[in-house]
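Good morning, everyone, and thank you for making the time.

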Amino acid sequence: MSFSPETQLTATLLAIVIEQGERICEQQETIKELEARINKNSSNSSKPPSTDGFSKPGDKQQTEPSGTDDNDKPAPKSLRAHSGLKPGAQKGHKGHCLEAIEHPHHIEYLPVRVCEHCHQSLSTDSLVKVVEYQVFDPACPGQFEVTAYRAEVRRCTCGHKTQATLPEGVTNYVQYGAKTRALAVYLHQYQLIPCHRIAEFFQDIYHMPVSVGAICRFQKTTYEQLASTELAIASALLHEAVLGADETGMRVDKKTWWLHVLRSEYWTLYHLNPKRGRVAMDAMGVLLLFTGVLVHDHWKPYFHYGVMHTLCNAHHLRELQGVIDRDCNRYAGRMMRLLQFSWHITKGFRKIGVAAMPALILVRIERLINGYWHVR
Ligand SMILES: [Zn+2]
C-alpha cells in the first residue's frame, strides 16, 4: 500500500509536531521546577535566613549598580497577632534607673587643699559639704561592687567654692564604671550580642541592673572616643606597601548599608556608609592618597584610584570554579591548580623567611600561566 507524497509529508510534519509538543511539556516542567527553586527563601522553605541576602523589597535606594546586589529578600511575615500596644516600654513600666546604695563596698575620700581660684591654702573650717559619687561595676559572678568617691567642697576667704577633683570618667552622682562600659561594648561589638540580651547578662551574672538605653549610650561614647584611633589606623595604612580592599552589605536601621574594609598585615580600617563604592571609599579617605599596591576583586570603582592594582586570587579561584561548573573548561581547572600551587610555594618561602619568591621560580610560573593562556 503506497501513500501520496502529500500524505507522507503530512505524516512526517505531524510526527515532528507531536515530538515538539512532548519536548515543550518536558521543558515547561523543568522551568517550573527551576522557578520553584529560585523563589525558595527562608519564609517558604527550610532555607536558612542567612541565604536571603541583605536587601528587602523597596530597599533599592542606596546601592550603586554592581550586579551583585540581592534585592529578592522576602519581607518578613510575622505569624504573631498584634497586641495593640506601642513598641517599647509601656505606661507604668518600672525602668532600670540606677539608685545610690546606702553601704558602698569601697570609699575614696577626696580632700581639697587649695582654692582653685586664688591658690591659697584652705583652712579646716572652710568645709561646706562632702558630695558623694557612686560608681557601679561588676565584681565576681553573682555580685557587683560600688565605689563611692566622697569629694570635699570648701569655700575660700576669696568667696570661691572649690570641689575636689574626681577621677577621670566620674561625672554623675550615680553611674556605671569603666568595667561595665568595656564589657558591654565588647559583648555587643565583638560577640555580637543584642543590647537587651546584654542587659539580661548583667542582671543574671552580676545581679546588676543595666538598661538597654545605657548599653546603647556606651556604644556611642566608645565610638566617639575611638575617633583618634581610627585616624591613627588610616594614617598607618597610608604607609603600607600593600592593602587589601573589600566591602559587604550590612543591615542598619532596617536598611542596607555597606561596610568597606581596607587592611594590611597589621591594620584594619572599617567604614560604614549608606552608599557603596566611590562615595564610601572617598569618605574613608585612605585610597585618595594611597600610592601602593591595592588587592581587590576587580570591582570597577576600585580602578578609579591611582594605585597599582592586583586582583585577589580567592576571587579568581571562585570565578574559575564558575567556569568549570558552567563549561567544564579543563584549562580553568589547570589554572586553579597553578594558582593554588603558586600560593603554597609563596607560603613555603615566607615560612623560611624569604619574603619574595625567587625570580627563577617566578619566571617558571609566569611561563606556565602564559602557556595556558595561549593554548586557550
Ligand atoms: Zn580663693
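I will go through the chain as a whole, then a group of helices, and then a sheet.

Two remarks on how to read the model come before the rest. This is a predicted model, in which local features need a pLDDT of at least 70 and side-chain atom pairs count only at pLDDT 80 or more, whereas totals for chains, interfaces and linings use all residues. Residues are numbered from 1 along each chain as its sequence is written.

Let me start with the chain. The protein chain has 10 helices and 10 strands, where helices are DSSP runs of H or I with at least four residues, strands are DSSP runs of E with at least two, and both are numbered from the N terminus. Of the 376 residues in the protein chain, 14% are buried; a residue counts as buried if 20 or more other C-beta atoms lie within 10 Å of its own, as exposed if 12 or fewer do, and as partly exposed in between, with the C-beta atoms placed from the backbone. Two residues are in contact if their C-beta atoms, placed from the backbone, lie within 7 Å. Among the contacts in the protein chain with a separation of 6 or more, 50% are between residues 24 or more positions apart.

Now to the helices. Two packed helices are described by the angle between their axes and the distance between the axes. The axes are lines fitted to C-alpha atoms, for helices over the stretch in contact, and the angles run from 0 to 180 degrees between N-to-C directions.

How do helix 2 and helix 3 cross? Their axes come within 10 Å and cross at roughly 140°, which makes helix 2 oblique to helix 3. In this scheme angles under 35 degrees count as roughly parallel, over 145 as roughly antiparallel, 65 to 115 as roughly perpendicular and the rest as oblique. On the helix 2 side the contact is made by Ala184, Leu187 and His188, and on the helix 3 side by Cys195, Ile198 and Phe201. Sorted by class, this contact of helix 2 with helix 3 has five nonpolar, one polar and no charged residues, where Ala, Val, Leu, Ile, Met, Phe, Trp, Tyr, Cys and Pro count as nonpolar, Asp, Glu, Lys and Arg as charged, and the others, Gly among them, as polar.

In the loop between helix 2 (178–190) and helix 3 we find Leu192, whose phi is near 60°, a positive value in a residue other than glycine. Leu192 counts as exposed because it has 7 C-beta neighbours inside 10 Å.

Helix 3 (residues 195–206) also meets helix 4 (residues 212–225), and here the axes come within 9 Å and cross at roughly 110°, so helix 3 and helix 4 are roughly perpendicular to each other. Cys195, His196, Ile198 and Ala199 in helix 3 meet Val212, Ile215 and Cys216 in helix 4, and by class that contact has six nonpolar, one polar and no charged residues.

Five strands form an open sheet in the order 8-7-6-9-10, with mixed pairing, and two strands are said to pair if DSSP finds at least two bridges between them. Strand 8 (268–273) and strand 10 are the edge strands, each pairing on one side only, and the twist from one strand to the next averages 25°.

Strand 9 (residues 293–296) pairs with strand 6 (residues 242–252) in the parallel sense over three bridges, and Gly244 has Val295 of strand 9 as its bridge partner. Strand 9 also runs parallel to strand 10 (residues 308–311), joined by four bridges; here Leu294 stands opposite His309, and His296 stands opposite Leu311.

Lastly, Asp297 lies in the loop between strand 9 and strand 10, and Asp297 counts as partly exposed because it has 17 C-beta neighbours inside 10 Å. Not counting residues up to four places away in sequence, Asp297 touches Asp246, Cys312 and His315. Asp297 and Asn313 are 16 residues apart in sequence and 8.3 Å apart in space, C-alpha to C-alpha.
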